[in-house]
Amino acid sequence: MMQKTAADDMEAAFAVNAAANKIILHNVGKSYKIGKGNFTAIANVNITIQDNDFACIVGPSGCGKSTLLHMLAGLDFPTQGAIWINNKKVTSPGADRGMVFQTYTLFPWMTVEDNIQFGLKLKKMPIKQIEEITDKYLEDIKLTKFRKSYPKELSGGMKQRVAIARALANQPEVILMDEPFGALDQYTKNRMQLLLRELWQKEQSTIVFVTHDIDEAVFLATKIFVMDAHPGKVKEVVNIGIGENRTLEVKDTFEFIQLRKYINELLYDHQDDDEENI
Amino acid sequence: MMQKTAADDMEAAFAVNAAANKIILHNVGKSYKIGKGNFTAIANVNITIQDNDFACIVGPSGCGKSTLLHMLAGLDFPTQGAIWINNKKVTSPGADRGMVFQTYTLFPWMTVEDNIQFGLKLKKMPIKQIEEITDKYLEDIKLTKFRKSYPKELSGGMKQRVAIARALANQPEVILMDEPFGALDQYTKNRMQLLLRELWQKEQSTIVFVTHDIDEAVFLATKIFVMDAHPGKVKEVVNIGIGENRTLEVKDTFEFIQLRKYINELLYDHQDDDEENI
Amino acid sequence: MKDDFRLRQSINKKTYMMITAVTFIIFLVFWYVVTAGGFVKAMFLPALTSVLKNLAEGTADGSLGSNTAISIYRITMGFAAAVALGVPIGILCGCFQKVEAVISPLCEFIRYMPVPAFVPLVMVWAGIGEMAKIIVVFIGTFFQMILMIADDARLVPEDLLSASYTLGTKRWSTIFKVLIPAMGPKIMLTLRVMIGWAWTYLVVAELVASNSGLGYTILKAQHFFKTDAIFSGILVIGFLGLITDRFFALLIKRMFPWDERSNP
Amino acid sequence: MKDDFRLRQSINKKTYMMITAVTFIIFLVFWYVVTAGGFVKAMFLPALTSVLKNLAEGTADGSLGSNTAISIYRITMGFAAAVALGVPIGILCGCFQKVEAVISPLCEFIRYMPVPAFVPLVMVWAGIGEMAKIIVVFIGTFFQMILMIADDARLVPEDLLSASYTLGTKRWSTIFKVLIPAMGPKIMLTLRVMIGWAWTYLVVAELVASNSGLGYTILKAQHFFKTDAIFSGILVIGFLGLITDRFFALLIKRMFPWDERSNP
Amino acid sequence: GNTKNAEQGSGGPKGLTKISVGFTSWPTNMMIYLAQEKGIFEKNGLDVSSEEFSSTTESSNAFLAENLDMCTYPAPDIIAPISRGADFKVIMMTDKSLGSDGLVVKPAIQRIEDLKGKTIATQLYSVDHMYLLTLLDGAGMSSDDVNIVDMSMSDAGNAFLAGQVDAASIWEPYLSKAVAGGGKLLYSTKDNPDLITDCIAASHKFVTDNPEAVAAFVKSWDEAVAYWKEHPEESEALMAKKMNVSDKEFHDMMGTLYITTVQDSVKGFSKAEDASYWGYTQQKIVTFLKKLNVIEKKIDAGSIIDSTFVNEAAK
Ligand SMILES: Nc1ncnc2c1ncn2[C@@H]1O[C@H](COP(=O)(O)OP(=O)(O)OP(=O)(O)O)[C@@H](O)[C@H]1O
Ligand SMILES: Nc1ncnc2c1ncn2[C@@H]1O[C@H](COP(=O)(O)OP(=O)(O)OP(=O)(O)O)[C@@H](O)[C@H]1O
Ligand SMILES: [Mg+2]
Ligand SMILES: [Mg+2]
């Protein structure tokens with residue numbers, strides 16, 4: 001194990017020199033023990049993501065998207081290969097990589113407000129600034145009136161919005177989001193998409209965003225990773241060149257529709273028989 | 001309390017005579033105690049749903065859609081008004097109203113297979129038939145290979161598919177679904193939509209389906225209830241008259257696009273200032 | 001809602017109280033009838049009236065009050081010490097497998113040992129003063145507490161911890177800001193269980209050279225088989241227990257308004 | 001992974017075992033040095049060697065074996081009875097507030113009562129045979145068990161019950177097919193706690209007219225201040241406890257492969 | 001004499017010497033309370049802290065753990081600790097059993113021989129166990145012929161009353177209770193008064209360091225006994241209250257005891273080859289306990305006695 005890691009390190013050092021990449025996944029694989037056997041969830045993923053990239057990951061259910069994000073966050077570790085962020089191997093989670101989880105993970109003993117402020121207080125930010133940021137995000141997610149509510153008093157979509165605000169308010173360098181807008185209505189979703197784009201441009205952060213909504217992916221991303229299942233792997237990387245000042249109108253442009261169609265085809269291509277042949 | 005219920009009963013008897021409705025919500029309201037105050041989640045909802053209707057509910061996050069479904073299921077009770085299903089006041093949950101929840105509620109100690117068979121075994125269905133149904137649904141949700149897996153070994157979308165199969169396999173008269181396809185990729189989602197339509201036509205069941213995806217709502221529904229928030233109420237009922245033998249192609253028809261646009265407008269109409277004015 | 005078969009439906013608070021009151025009254029009436037009617041010898045079960053008389057006498061001459069006070073003092077001190085040490089150690093055990101490897105097997109080993117067996121040793125180590133009684137209560141609860149609190153720590157959902165790491169908590173901030181608040185309701189439930197346990201050690205603790213306390217009163221009464229005195233001691237302890245338990249239940253409800261299970 | 005500060009990281013099984021072994025060895029060495037070095041009088045802390053000698057003698061003449069056997073029998077019977085009655089009643093308590101209103105306050109009342117106080121009463125009620133000892137263990141665990149199991153039942157997520165209602169379970173089928181399986185791991189944890197508790201009542205139980213058993217051996221040794229015999233009794237009980245606990249831990253891991261917390 | 005040595009300078013409020021005495025709930029031991037209430041200890045320069053225990057096991061353990069300076073003992077319970085190396089001296093006798101120990105049986109039983117195969121409750125290795133064996137021996141039987149169950153004295157009495165056993169060899173107050181509850185007193189120690197005695201022990205260290213205090217204690221005790229003899233009703237009322245029994249019960253119990261004076265102790269501590277010598281009866285107990293394997297090595301019972309103080313007080 002140790003030896004292998006050393007070898008990986010060398011290879012990676014090489015990769016790192018080759019380009020100033022923000023995130024590097026080198027030969028990443030993940031398998032789970034099930035009973036006595038092994039189940040390979042992800043195999044041989046090689047990805048590089050540049051600084052200030054907005055990377056979207058799409059792929060069939062169960063292809064390993066959540067697993068990948070967990071590994072980027074340092075919450076789980078690859079059983080093969082390694083991950084580098086900022087030229088440092090990922091060995092633990094940290095505030096530099098904020099995450100919005102697929103399930104609701106609000107702290108149930110904190111009010112909406114306290115949930116949002118959690119990371120900021122940890123950083124010992126001045127109270128006035130904390131208040132400002134909280135107010136701004138409460139406004140953005142339209143939950144100002146619910147600032148004193150506990151998570152158990154919120155609907156599914158409301159919880160999800162709070163979780164998004166909590167992660168973003170913390171201003172992480174890398175933002176990892178696992179189907180964050182899944183339980184939102186179209187209107188709120190659109191608003192959140194615009195907000196996220198805006199934020200990303202302003203903060204120059206790097207975002208890795210998992211979604212099933214191809215429209216969403218094309219609208220948001222600078223790069224889309226299309227994944228395949230059994231075992232999970234990256235099928236193709238699509239660069240999205242539709243300009244960076246996107247408004248909702250961009251969705252009606254020819255380029256956009258072409259891209260959406262292309263990715264759709266990539267995804268649906270012989271999927272029917274695929275999932276059953278593990 | 002008792003007196004009020006009696007009065008309601010009389011009113012309802014009237015309503016019941018007026019039309020052979022499957023589901024009647026009469027003046028339904030729901031409020032929660034928060035601290036010392038009261039929060040009205042839903043107010044004055046009057047809905048009737050006919051037998052073999054496919055009713056979709058759309059509305060902004062937090063408008064009370066989940067609450068409504070819970071009350072239909074008999075898991076929660078209105079604080080005002082009453083609900084009748086099959087001319088019987090809803091006082092308890094039952095196998096006649098199957099439900100897919102917004103959060104994953106698989107039984108963690110059961111394998112995928114056992115989860116799906118749970119309701120069938122309760123009904124003491126012959127084992128051979130149980131096996132047949134299980135096989136069919138495992139096939140439909142493309143998880144045959146995972147039949148012996150425990151929920152903790154599944155991804156979010158896989159769990160959701162199992163929950164759907166579990167509810168449908170039980171063949172309830174009324175099917176209540178709370179954003180069931182939220183975590184599915186487009187391809188699986190489309191497949192599940194077709195499957196659901198097919199099933200609904202074959203079994204002549206009545207479906208109440210909550211979604212944020214207006215496309216999905218228009219494609220599936222015979223009737224769409226558009227809700228408004230704070231307090232939650234039904235803003236408009238839209239009948240969907242695009243024929244009953246729908247394929248995916250229907251989504252490109254003029255009628256479909258018109259309907260989608262109409263509902264979009266209904267929803268987005270002055271939403272900006274709405275949510276903040278409770 | 002006649003046909004509502006759902007479990008854990010909360011009933012009206014008044015109804016609850018009434019059912020409880022009726023239960024206790026039936027209990028007392030039964031006791032009264034059985035003893036007053038002479039169906040059971042006083043030796044097996046003292047007459048309700050003579051127990052009440054005993055209690056009245058104790059109240060009148062102040063001995064009941066002072067015995068209760070000293071017993072409460074001993075239990076409280078012993079229990080407080082066990083909490084002050086046991087809860088932090090338990091949390092560490094639940095958080096770090098290396099700590100667990102040191103502490104857990106040792107506690108598993110010791111917690112089975114019958115406390116009365118330690119009484120002579122406690123006297124050797126701690127003398128025969130108040131400290132000895134407090135130590136007996138401590139020994140009886142400490143090791144168990146560590147294991148139970150460690151279990152509680154293990155039951156905190158991993159998701160919450162993951163979320164907190166990504167928001168920037170390190171080892172200790174995760175423990176203080178996330179794990180402990182999340183464990184809150186469970187810790188209180190555990191303490192509620194444990195305080196009852198502490199009381200059951202009262203008699204053992206007051207074996208050690210005491211001439212006061214409820215446990216001592218019971219021991220003394222046992223010597224002369226004064227069943228009425230035994231029963232009045234037992235009843236007073238039971239009553240204190242009931243109050244403590246209700247107090248804890250209320251406290252848990254108040255302390256954790258956010259918890260769905262404490263406040264359904 | 002040097003800078004991995006996450007909590008509850010599982011360590012290598014061998015490392016765990018080694019740490020534990022080292023802990024126990026340090027413990028034993030310390031004991032040996034302190035006693036053999038004459039730092040502590042034998043009357044206060046017997047020499048490790050004399051305790052081992054005592055154990056060896058007991059093993060040789062078979063008395064240790066037979067005393068252990070009879071004690072295990074008593075504890076097992078009393079505990080089994082408490083489980084057989086306490087678990088179902090506890091579940092009912094957790095499911096139905098009306099049952100809770102009857103049972104819970106009564107249990108809260110009784111569970112605080114010191115078991116030794118009941119010893120003379122148990123004797124007059126149940127005689128001086130094995131039954132009396134079994135009843136003492138039963139009393140010591142039964143009431144507590146009801147309350148703890150009721151808490152366990154209350155901690156089952158409402159979501160799971162809701163799901164099961166909509167799939168057609170009624171009151172009893174929900175309990176048997178959903179609530180109990182979902183409680184499984186928690187029930188086992190509770191039983192694991194309780195069996196340790198049962199053992200601590202051994203000395204009290206064997207106060208009642210016995211002339212065999214580990215508790216009895218300890219009592220007699222106490223009377224004559226045979227610290228080595230007291231210690232060997234205590235150690236044997238602790239050792240049995242350690243085995244039981246490890247057995248339970250393994251059982252829980254095996255029984256609930258589906259549970260993320262039992263099988264992280 | 002009024003003792004006040006350097007070590008105790010910080011002692012009581014009035015420069016009294018501190019002594020801690022452990023004892024059990026036994027009528028004679030209530031004399032300690034009498035001496036305390038009547039100011040006898042104080043008058044003799046002592047500040048006695050009285051530590052009451054629920055059984056001899058506890059009091060003895062506390063004493064051996066050096067938490068007490070003195071401790072009361074039923075005679076046989078002294079042997080085991082001494083044989084295990086405990087270092088203390090018996091400084092005085094306090095009472096002799098004069099019917100306060102006995103064998104109570106169900107009414108149907110007429111003679112010792114009728115006990116064959118019956119269940120008898122007693123506390124193993126106690127005087128009353130020995131007493132039972134003596135009685136069985138006298139009838140040509142042994143412990144194998146009966147079923148002896150080991151119980152504490154109070155439990156044995158209660159078990160008999162509850163009808164759980166056929167006979168019990170027990171001491172007061174359980175004995176009278178058992179008789180009052182319908183039991184038949186088959187034999188009691190009225191017939192052999194020297195067999196069973198109670199005494200007070202003091203740690204060797206305390207005796208060496210504070211001989212005056214020990215002497216003062218013996219003197220005080222004797223004065224308390226004298227006070228009781230002069231004012232029996234007042235004294236017994238006080239002692240009964242401390243023991244948590246009625247005056248009558250207490251009086252009855254005292255009737256089954258011979259409360260020894262220092263003169264009796266002097267006599268009992270003088271070497272002789274019969275039961276009048278305390279050491280003689282105790283030596284028999286040593287043999288008995290050795291046979292039962294309770295003690296590993298034989299000791300010389302006479303060597304435990306320190307008669308200095310009773311001799312001095314008797315002068
Ligand atoms: N236990 C509760 N206590 C207080 N308020 C509650 C509680 N449960 C729900 N609410 C409130 O009721 C309203 C409706 O909630 P509900 O879950 O039905 O919304 P929803 O329409 O399903 O939203 P979403 O689309 O986000 O799932 C919300 O505003 C929520 O804050
Ligand atoms: N603890 C586990 N044990 C065994 N297999 C697991 C475990 N966790 C995940 N898997 C498997 O790993 C694969 C990838 O899971 P993952 O959650 O990453 O999928 P996903 O791409 O996020 O899917 P979805 O879109 O449905 O959320 C799945 O096939 C799943 O069965
Ligand atoms: Mg996922
Ligand atoms: Mg909802």
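1. A salt bridge is a side-chain nitrogen of Lys or Arg within 4 Å of a carboxyl oxygen of Asp or Glu. Keep that rule in mind for the interfaces below. One more caution: this model is predicted.

2. Start with chain D against chain B. How many salt bridges does the rule find across this interface? It finds zero between chain D and chain B. The two chains do touch, though. On one side, 21 residues of chain D take part, and they are in contact with 24 residues of chain B.

3. The size of an interface is often given as the accessible area lost when the parts come together. For chain D and chain B, that buried area is about 1800 Å². Carbon and sulfur atoms give 74% of it. Which residues of chain D lose the most area to chain B? They are Thr166(D), Leu167(D) and Trp258(D). Together they make up 41% of what the chain D side buries.

4. Now turn to chain C and chain D. The area buried between chain C and chain D is about 8200 Å². Carbon and sulfur atoms account for 68% of that area.

5. Look at the chain C side of this interface. Leu7(C), Arg8(C) and Tyr112(C) supply more of the area that chain C buries against chain D than any other three residues. Their share is 12%.

6. How many salt bridges are counted between chain C and chain D? The count is eight. Find this pair in the structure: Arg246(C) and Glu108(D). Their side chains meet in a salt bridge, with 3.0 Å from N to O. That pair qualifies because the rule asks for a nitrogen of Lys or Arg within 4 Å of a carboxyl oxygen of Asp or Glu.

7. Chain C itself is helical in its secondary structure: eleven helices and zero strands. Read from the N terminus, its elements run α-α-α-α-α-α-α-α-α-α-α. Its C-alpha atoms fill a box of roughly 70 × 65 × 30 Å along the principal axes.

8. What share of chain C counts as buried? The figure is 62% of its 264 residues. Contacts tell us about the fold too. Take the contacts in chain C between residues at least 6 apart in sequence: 72% of them join residues at least 24 apart.

9. Next, the surface of chain C. The accessible area is about 10300 Å². Carbon and sulfur atoms hold 71% of that surface. As for charge, chain C carries 23 positive and 16 negative side chains. The centres of the positive and negative sets lie 3 Å apart.

10. In chain A, the bond joins His230(A) and Pro231(A), with omega about -10°. Pro231(A) sits in the loop between strand E9 (223-228) and strand E10 (233-239) of chain A. In chain B, the bond from His230(B) to Pro231(B) is cis, with omega near -10°. Pro231(B) lies in the loop between strand E9 (223-228) and strand E10 (233-239) of chain B.

11. Two backbone angles also deserve a look. Glu179(A) is not glycine, yet its phi is positive, near 45°. It lies in the loop between strand E7 (174-178) and helix H6 (186-203) of chain A. Is Glu179(A) buried or exposed? It counts as buried, because its relative accessibility is 9% and the cut-off is under 20%.

12. The other angle belongs to Asn44(B). Phi is near 50° there, again a positive value in a residue other than glycine. Asn44(B) is placed in strand E2 (residues 37-50) of chain B.

Conventions. Residues numbered from 1 in each chain as written. Chains lettered and ligands numbered in written order. Predicted model: local features only at pLDDT ≥ 70, side-chain atom pairs only at ≥ 80, totals over all residues. Heavy atoms only, no water. Helix = DSSP H or I, 4+ residues; strand = E, 2+ residues; numbered from the N terminus. Buried < 20%, exposed > 50% of the residue type's maximum accessible area, 1.4 Å probe, protein only. Contact = heavy atoms within 4.5 Å. Areas by Shrake-Rupley, 256 points an atom, 1.4 Å probe, with all protein chains shown as cover. Lys, Arg positive; Asp, Glu negative; His and termini not counted. Charge placed at Lys NZ, Arg CZ, Asp CG, Glu CD. Buried area = accessible area lost by both parts, 1.4 Å probe.
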